[in-house]
Amino acid sequence: TNGTDTMYCLFIGKAIQTINPPESSVDTAQLADSAVETAKINDSAITTVKIADDAITKAKTSSLMYPAFQAKLSADQTLTNQATTKVQFNTEVFDTDSTYDNSTNYRFTPAVAGKYYISAQADFEGSNITANWIYIYKNGAKLWGSHHDSSNHTYTTQCVSTIVESNTTDYFEIFVYLDTTGTPKIKSDFGGVDVSFFCAYRIGD
């Protein structure tokens, strides 16, 4: 060789072990957007203390409270005195998953298993009202109810609410009972304000 020759040195070898990066040596900036998948995260890896206060937004949790609906009466409903009658809440205020039937059976069929908050109110009209009931029915049978004895009332309001457990096929309806000497009715509104309603929403598993 002389002073103008170019020489190369090649090293041929193989890796005999791998070394895990030291703790804290890899930060989020060094991870590709698609590098971490849900399937690669252990169930116990995410704990409450590791979630920032502002990390969970309303948009990411709102579906937890669906299905949900609210319905009301479009007009007064005439009842049969001293008889248990289904309330025909025929106007939907909203129905997130089309789980309320407002035209045929007037029932809520959640279709998603879980626990639900259910509430209803009926505003009664009659003459000399002496007793009234409002019931939540599940699958055609009384589940919860609220009762009031009165004397010589023309108007009275009764409401009921509870938390129930539902499977995918259970259904819920509202029934009432009124004892009066006049024509028994449920009022749809009073002074332009809606006074009778049926509503429910899912609260969790």
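This is a predicted model: local features need pLDDT of at least 70, side-chain atom pairs count only at pLDDT 80 or more; totals for chains, interfaces and linings use all residues.

User: What does Glu173 form a salt bridge with?

Analyst: The partner is Lys86, and the closest N and O atoms are 2.7 Å apart. This pair links distant parts of the chain, with Glu173 in strand β9 (residues 172-179) and Lys86 in strand β3 (residues 85-86), 87 residues apart.

User: And is Lys86 buried or partly exposed?

Analyst: Lys86 counts as partly exposed because its relative accessibility is 21%, and the cut-off for buried is under 20%.

User: How many salt bridges does the structure hold?

Analyst: Eight. One of them joins Glu125 and Lys187, with 3.4 Å between the closest N and O atoms. Glu125 sits in strand β7 and Lys187 in strand β10 (residues 185-187), so this pair ties together parts 62 residues apart in sequence.

User: Are those two buried or exposed?

Analyst: Both Glu125 and Lys187 are buried. They also belong to a network of salt bridges that includes Asp76.

User: Which residue does Asp170 meet in a salt bridge?

Analyst: Lys138, at 3.7 Å from N to O. That pair again links distant parts of the chain: Asp170 is in the loop between β8 and β9, Lys138 is in strand β7, and they are 32 residues apart. Asp170 has a relative accessible area of 8% and is therefore buried, while Lys138, with 24%, is partly exposed.

User: Switching topic. Where is Arg202, and what does its side chain do?

Analyst: Arg202 is in strand β13 (residues 197-204). Its side chain makes a polar contact of 2.4 Å with the side chain of Asp205.

User: Why does Arg202 count as buried?

Analyst: Because its relative accessibility is 10%, and buried means under 20%.

User: What about Asn139?

Analyst: Asn139 also has a positive phi, of about 55°, and is not a glycine. Asn139 is found in the loop between β7 and β8 (141-166). Its relative accessibility is 36%, so Asn139 counts as partly exposed.

User: Last one. Which residues form the nonpolar patch on the surface?

Analyst: Val26, Leu31, Val36, Ile41, Ile46, Ile51 and Ile56, with about 590 Å² of accessible area together. Val36 is in the segment before α1.

User: Why does Val36 count as exposed?

Analyst: Because its relative accessibility is 51%, and the cut-off for exposed is over 50%.

Notes. Residues are numbered from 1 along each chain as its sequence is written. Side-chain values use heavy atoms; hydrogens and water are left out. Helices (H or I, at least four residues) and strands (E, at least two) are DSSP runs, numbered from the N terminus. Buried means under 20% relative accessible area, exposed over 50%, partly exposed in between (1.4 Å probe, protein chains only). A polar contact is a pair of N or O atoms within 3.5 Å; within protein, one must be able to donate a hydrogen and the other to accept it, and residues adjacent in sequence count only if both atoms are side-chain atoms. Patches are made of residues with over 30% relative accessible area and no salt bridge: like charges are joined within 9 Å, nonpolar side chains (Val, Leu, Ile, Met, Phe, Trp, Tyr) within 5 Å. Accessible areas come from the Shrake-Rupley method with a 1.4 Å probe; for residues, only the protein chains shown count as cover. A salt bridge is a side-chain nitrogen of Lys or Arg within 4 Å of a carboxyl oxygen of Asp or Glu.
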